[in-house]
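Dear colleague,

My notes on what was found in it follow directly below.

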Amino acid sequence: MKPPSFEYSRASSLDEALAVLGELGGEAKVLAGGQSLVPLLSMRLAAPRHLVDINRLSELAYVRTCDDGVRVGATARHADLERDPDAAGVQPLLRRAVRLIAHPTIRNRGTVVGSLAHADPAAELPAVLALLDGSVRVASVRGTREIAAREFFLGTLESSLRPGELAVEAFFPALPPGTRTSIVEVARRHGDYALCGVCAVRSGEGARVALLGVAPTPLVLDVPDVAGAAELARSSIDPTPDIHASAEYRRHLAGVLTARALQEAA
Amino acid sequence: MNVRLVVNGVPYDVEVPPRRLLSDCLRHDLRLTGTHVGCEHGVCGACTVLLDGRPVRSCLLLAVSVDGLEITTVEGLAHNGELSPVQQAFADCHGLQCGFCTPGFLTTITAGLRENPDPTEDEAREMIAGNLCRCTGYQNIVAAVMKAARP
């Protein structure tokens with residue numbers, strides 16, 4: 001269980017990181033918190049030629065909250081977002097979602113933007129970003145672009161980041177007054193990846209849910225009729241079975257958790 | 001690559017390949033074998049050390065990535081041969097049997113009590129939720145957290 005050999009560079013500025021990534025293109029992988037990447041290296045499921053370590057980019061270690069939402073820089077840890085009172089005030093769903101990610105020790109090192117770039121369909125933050133219609137800002141030597149959540153997640157562990165690009169910031173929008181949110185999930189053990197999870201927003205105008213763990217990307221569903229939401233969720237997915245849960249059980253959970261999330265957000 | 005690690009206040013200069021995990025660097029290069037390696041993929045918590053005061057998995061960090069940072073391992077908890085309050089509480093409450101997981105619990109709880117000096121029992125359980133122990137059934141570890149908080 002040791003990582004394979006790789007070349008390593010530690011960037012001391014964003015420009016330096018982008019220059020190295022631009023030069024190496026698809027041969028390079030960004031190392032942020034490493035809480036997903038390092039196990040993948042150790043299990044030899046990933047073998048990049050080059051790692052570009054961005055942990056020293058302290059200029060990206062921010063959680064900035066404005067009236068319109070919360071912006072999280074690439075080196076802000078899950079724990080930084082979890083402990084930020086302003087972020088929790090403007091978008092309470094963030095703290096509740098972050099507390100479902102693994103354990104405090106992992107959250108001390110793992111990064112918010114890294115979780116998004118990793119694009120694990122069972123992770124909480126991609127679903128939250130999709131639910132809120134958030135976005136990811138990416139930079140490269142060619143400039144920056146803002147990618148909407150619905151265009152960012154392409155498949156299991158696959159985002160629309162191109163070789164040479166670095167995800168530098170995530171934007172989680174605030175919601176209008178009177179809107180309520182919730183997140184619920186079922187995991188085999190506390191802190192494990194969820195078998196299925198659902199986050200929801202609800203207001204006088206309507207309801208929306210995002211499902212995690214039951215499709216290759218977060219699945220956002222507009223809910224026209226709350227009473228029929230569980231059936232809508234069940235009929236919208238085609239989950240894959242694995243050693244943790246059968247497809248049928250995941251489908252069942254999707255219905256139950258959708259109803260529960262909407263009830264909590266009522 | 002040459003890396004300087006400041007472990008328990010002592011600076012060490014070591015030459016390591018980029019792929020060296022911090023857990024292996026501590027054990028093999030620095031001969032600080034108090035940090036134990038269990039699952040080696042971030043699940044069991046045995047290798048937990050404090051990085052700039054915060055608990056982290058040393059098996060999920062590259063030694064080159066923490067160049068120049070302050071690390072506290074289980075060897076750094078006792079002072080002048082006297083057990084720290086958390087270590088003493090583990091001894092008093094039988095918070096360990098085989099001892100394999102203990103270094104990770106001690107570092108985790110030391111930082112946890114610094115942040116929350118007076119936890120409820122539920123908070124104590126949450127504090128140690130990321131650490132696995134196959135001997136104790138956790139009861140005595142929870143008792144040790146409570147005792148360390150209120151000796």
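**Helices, core and chain contacts**

In chain A, helix α10 (residues 229-236) packs against helix α11 (residues 247-264) at an angle of about 145°, and their axes are 8 Å apart. Axes here are lines fitted to C-alpha atoms, for helices over the stretch in contact, and angles run from 0 to 180 degrees between N-to-C directions; helices (H or I, at least four residues) and strands (E, at least two) are DSSP runs, numbered from the N terminus. Please bear in mind that this is a predicted model, in which local features need pLDDT of at least 70 and side-chain atom pairs count only at pLDDT 80 or more, while totals for chains, interfaces and linings use all residues. Residues are numbered from 1 along each chain as its sequence is written, and chains are lettered from A and ligands numbered from 1 in the order in which they are written.

Val209(A) is, with Val128(A), Cys199(A) and Leu211(A), one of the residues with the most contacts inside the largest nonpolar core, which has 134 residues. Such a core is a set of buried Ala, Val, Leu, Ile, Met, Phe, Trp, Tyr and Cys residues joined through C-beta atoms within 7 Å, and buried means that 20 or more other C-beta atoms lie within 10 Å of a residue's own (exposed: 12 or fewer; partly exposed: in between).

Asp192(A), in the loop between β11 (180-186) and β12 (196-203) of chain A, counts as partly exposed because it has 14 C-beta neighbours inside 10 Å.

As for the two chains, 25 residues of chain A are in contact with 19 residues of chain B. On the chain A side, α2 (37-42) and α6 (104-107) are the elements that give two or more residues.

With kind regards

Definitions and conventions:
Two residues are in contact if their C-beta atoms, placed from the backbone, lie within 7 Å.
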